[in-house]
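Opening the notebook on a new model today.

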Amino acid sequence: MRIRLIAVGRRMPKWVTTAFDDYARRLPRECRLELTEIPAAKRSDSADSQRAIAAEDERMAKAIGRDDAVIALDVEGKPWSTEGLSGELRQWMGDGRDRAILIGGPDGLGPASLTAAHQQRSLSQMTLPHPLVRVIVAEQLFRAHSILIGHPYHRG
């Protein structure tokens, strides 16, 4: 099974790339984590934000695999706990279906991405910087897997 994190934005700070790559590398082959970056659309004023969301939505739709189960990260989504994610990861690994986890741009995900999602999840009610969300998702997937295999990384 492959988990693709599809995120708006490129040219992340080095610490983001280093941290994401470190956690992705630690995950085993049966639940490998890959990053697909979608270029952010240009914004010059608030009127452009709807056009930008639509452009990012279109790019994101093209990046989602045909048979992927899609999970949209959205502030309005159902909260995710580490233990809950671990249980879901067990199910994902059991069914072998690839997953696509979507991270929107500065204005969030567009309606097409939200509609395409099989689930909408929230990492927090706080607004988190999008580069940091990549690292949090990668770390939480590694932590969830460590729970499954009884590794001492998670001591919660």
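This is a predicted model: local features need pLDDT of at least 70, side-chain atom pairs count only at pLDDT 80 or more; totals for chains, interfaces and linings use all residues.

The entries below go from the whole chain down to single residues.

**Entry 1: the whole chain**

I started with the secondary structure and found five helices and five strands. Reading from the N terminus, I get the order β-α-β-α-β-α-β-α-β-α.

Next I looked up the overall dimensions. The chain has 156 residues and a radius of gyration of 15 Å, which agrees with the value near 15 Å for a compact globule of that length. Along the principal axes, the C-alpha atoms fill a box of roughly 50 × 30 × 25 Å.

Then burial and surface. Of the 156 residues, 46% are buried. I get an accessible surface of about 8,600 Å² for the chain, and 51% of that belongs to carbon and sulfur atoms.

I also checked how far along the sequence the contacts reach. Taking contacts between residues at least 6 apart in sequence, 82% join residues at least 24 apart.

**Entry 2: charges**

I counted 23 positive and 20 negative charges, and their mean positions are 5 Å apart. How many salt bridges does a search of the whole structure find? It finds 11. I went through some of them one by one.

*Lys 62 and Glu 58.* This pair forms a salt bridge with the closest N and O atoms 3.7 Å apart. The cut-off is 4 Å, so the pair counts. Both residues sit in helix H2, residues 46-63, and the four-residue spacing is about one turn of the helix. Lys 62 is exposed, at 67% relative accessibility.

*Arg 121 and Glu 88.* Their side chains meet in a salt bridge at 2.2 Å, N to O. Arg 121 is in strand S5 (residues 119-122) and Glu 88 in helix H3 (residues 82-95), so this pair ties together parts that are 33 residues apart in sequence. Are the two buried or exposed? I find both Arg 121 and Glu 88 buried.

*Arg 99 and Asp 95.* Here the side chains meet in a salt bridge at 2.9 Å, N to O. Arg 99 is buried, with a relative accessible area of 7%, whereas Asp 95 is partly exposed at 46%.

*A network.* I also noted that salt bridges link Arg 2, Arg 32, Glu 34 and Asp 98 in a network.

**Entry 3: a backbone check at Arg 11**

I looked through the phi angles next. Most residues other than glycine have a negative phi. Arg 11 is not a glycine, yet its phi is positive, at about 55°. Where does Arg 11 lie? I place Arg 11 in the loop between strand S1 (2-8) and helix H1 (14-26). With 83% relative accessibility, Arg 11 counts as exposed.

**Entry 4: Asp 57**

Back to helix H2, where Asp 57 also lies. I get a relative accessible area of 7% for Asp 57, so this residue is buried. What is Asp 57 in contact with, leaving aside its neighbours within four places in sequence? I wrote down Gly 110, Pro 111, Ala 112 and Ser 113. Of these, Pro 111, Ala 112 and Ser 113 fall within helix H4, residues 111-116.

Ala 24 has 13% relative accessibility and counts as buried.

Ala 116 is partly exposed, with a relative accessible area of 37%. From Ala 116 I went to Ala 72, which is 44 residues away along the chain; their C-alpha atoms are separated by 8.5 Å.

Notes. Residues are numbered from 1 along each chain as its sequence is written. Side-chain values use heavy atoms; hydrogens and water are left out. Helices (H or I, at least four residues) and strands (E, at least two) are DSSP runs, numbered from the N terminus. The radius of gyration is taken over C-alpha atoms; the globule rule is 2.2 Å times the number of residues to the power 0.38. Buried means under 20% relative accessible area, exposed over 50%, partly exposed in between (1.4 Å probe, protein chains only). Contact means heavy atoms within 4.5 Å. Accessible areas come from the Shrake-Rupley method with a 1.4 Å probe; for residues, only the protein chains shown count as cover. Lys and Arg count as positive and Asp and Glu as negative; His and the chain ends are not counted. The place of a charge is taken as NZ of Lys, CZ of Arg, CG of Asp or CD of Glu.
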